[in-house]
Amino acid sequence: MAATITDLSRRGDQGFALPALFGEVAGHLVTWLTAANDQNPTQLLSVLTGPTGAPGFCGWTLKARLAALSGGQPVELISQWVANLSSGAVTTHAGLASAFTAGSALGGHGSLTGGVGTTSSLITLPPQPLPLGAVVAYSLAAGQEFFCFAFSQHSFSNRQAVALLIAKDVVSAQWHLSLTDMAGVIATVAWNLARPQVLLSTAFRADYFSSAAPLMLVRPAQWLPITPTVFYQQPLPPVQWWDPVALPADLALYNRTFTSLGYIKPADGSEWLQLGPSRLVVRLKDPVS
Amino acid sequence: MTLTCSALQWPLWNWTSKLATDPGLKLAEAFTAFSAEVNATPANALVPLQVIKDHSAATGPTTYGYVWRLGHPQTPVLLSFSNSSKVQGYNSSSSSARLQLGLESAYTNDSSNGGYGSFSATLFSVNAGLSHYASDGTPAWDLAGFLLIQADTTPGREFFCYTIAPIGTDINTQNHTLLLFRSPAVSGWSVVLNRSNSYTGMFYSQNSYTWSNNALVAASIIPLPPTGSDQQLIRGCGLYANTSSGVFAPGTIQPRIALPDCFWLGSNQLSDPRRLGRVSNPGGAGTFYQLAAAYSGATDLWYLNPPGTQPRAGWDTVGSLPWSTIPDRLSFCPLLTPGPVAMGPATGPDFLIDWSTAALGAAGVRQHPFYAKQLQGGGGTGGGSGRPSTGVLWPRGTP
């Protein structure tokens, strides 16, 4: 059930390649998204704004309408990964659609508040002749669907990102949205079904925090929910239960960070490609057994 | 048999007492009964448990402890816990209590060390206080206290866990939890010792040991339990050995050594500093009880008691102890059962099982399983003349 990947890497001597790369990814995304929506008629993924929809900016604002209801209405999640092509500033955000304001912000992408995200990371703009490592990976296996686009402008820790990660939460069978900024900071939004509430995350549930030995490839990849803390919320929240939110089987964690497009061959014969800076890896070959 | 959870409490804890009704020999009684039951399971013929010394072996008036044998087909190990003083230290060097793990072959069974014998060499030795931590190490333990024991003899997943904890208003005290458990992934009994933290900077430790092939080795807990401000407890943790050999060698597939399901680890730093918290399970049936830790820097240990869990005959239920209900702040988040770990190289990258983007120039690119493909397909066999003269690297855009 290995994922399908497409190598979209580009040489660095052809001018500023990022907008064209994003445009190409947008085509792959629409193809996958159409098939994914056909497979999941009770849930609807949509691109609110794509790479060419906001002059001066480049990125995506995505919406996932879930089958889950809240207050009688379908739960809607939104993620934003938008680069300002003048300043290089990248806005990343994931949250509930109720905190989204369509309009002129980010060149027409609109403004998403609440949730989690950053505005402090940067892409490198021209004239630097940076090549782009870029991969689209996806699966349409029922219940294990995902689409991921990761790219790297260089190997430093501030120029790699998972710009798109749309995946089924294998626990709730609902879509959830994730991304990283250019510095490896994760923003994830999902919905807990059993005890209905939004789940936000900025980290994987790591087996080992270091990016040095022991190096471990672990599954399932699960998110660490942000829980209300005594420092930030009054009155104190009641005792809570969080269902886990986990990624499909073709995705895993490998604890080497900022090594986009690293390649790992575990002892079981499977093969994995690292996507982005934050431990995510995708399976290219199934185990031999 | 299923899970049992058995509690006893004493208004004046006297750990040195040799009365059959006092803590030391009640612990021995419970462990002896557990041993008899698991030893009777045919699959445990090679890993029998045995009491070598119990509380009554103490020779001095302030000495106490036990020596348990952890059977193993190749290298049986003795677990010894003993103390020579009722006065407890307030840090690891001022504590006279010691937890030792040593090969049976290295043990001399005599009356030395207060009656608990001696090891010519130990595998592991930690100063493991029990108890009370006033700044000068006094008073001696003479508080109210309880002994709580969870045990399960389900074949393959047997475990025995005891917790000693103070009761009452004194918060300068420390809980002591020892867990012995079996996992189908390893060849013997794994050990987790958890001592809690009453104040930041005070004595806390968590020591874990498991088996790599036939050797008992030090271990850590993975996935990492949540910390501090997460206010979160998780189920699904296991042990990972701090070694690079045996089943934990780089490049292997390592099975999980899962802790018993009823134990939840994490952090709830602002709950009851006496570590006697209790909450109803917000996600289903049962009740959570706090066994250890209360302040930051320490891993919390909670126990989820399924409804209807019975105590051993003659003991009380866990609910009989004076827990205080915690109404807020905590989050419980079970994990999906973690799968086996695919170990990477000893360090990285090694260009055998792990290729990083530090691809060592053109030669490294050609050796990189992913990058190498970018050089192929243009008519050549890699690099040079095979490249397209314009546009992007090759191949591209082909699903």
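I began with an open sheet of 8 strands, ordered E17(B)-E25(B)-E15(A)-E18(A)-E21(A)-E20(A)-E19(A)-E26(B), with antiparallel pairing. I looked up its edges: strand E17 (253–254) and E26 of chain B each pair on one side only. Strands here are DSSP runs (E, at least two residues), numbered from the N terminus; helices are runs of H or I with at least four residues. Two strands pair if DSSP finds at least two bridges between them.

I noted the ground rules next. This is a predicted model, where local features need pLDDT of at least 70 and side-chain atom pairs count only at pLDDT 80 or more, while totals for chains, interfaces and linings use all residues. Residues are numbered from 1 along each chain as its sequence is written, and chains are lettered from A and ligands numbered from 1 in the order in which they are written.

**Pairs in this sheet**

I checked E19(A) against strand E26 (residues 354–355) of chain B: they pair in the antiparallel sense over 2 bridges. The bridge partner of A:Ile264 in E26(B) is B:Asp354. Within chain A, strand E20 (residues 271–274) and strand E21 (residues 280–285) run antiparallel and are joined by 4 bridges. There I found A:Glu271 bridged to A:Lys285 of E21(A).

**A second sheet**

I then traced another open sheet of 8 strands, with mixed pairing, in the order E17(A)-E24(B)-E15(B)-E19(B)-E22(B)-E21(B)-E20(B)-E23(B). Its edge strands are E17 of chain A and strand E23 (324–325) of chain B, each pairing on one side only. I looked inside it at strand E21 (residues 287–292) and strand E22 (residues 300–305) of chain B. They pair in the antiparallel sense over 5 bridges. B:Thr287 stands opposite B:Asn305 in E22(B).

**Interface**

I looked up the contacts between the chains: 50 residues of chain A touch 50 residues of chain B. A contact means C-beta atoms, placed from the backbone, within 7 Å. On the chain A side, strands E1 (4–7), E15 (216–218), E17 (240–241) and E19 (263–264) each supply at least two residues.

**Chain B overall**

I recorded 4 helices and 26 strands for chain B. Of its 399 residues, 48% are buried (20 or more other C-beta atoms within 10 Å of the residue's own, with C-beta atoms placed from the backbone). Among contacts in chain B between residues at least 6 apart in sequence, I noted that 58% join residues at least 24 apart.

Definitions and conventions
Buried ≥ 20, exposed ≤ 12 C-beta atoms within 10 Å, placed from the backbone. Contact = placed C-beta atoms within 7 Å.
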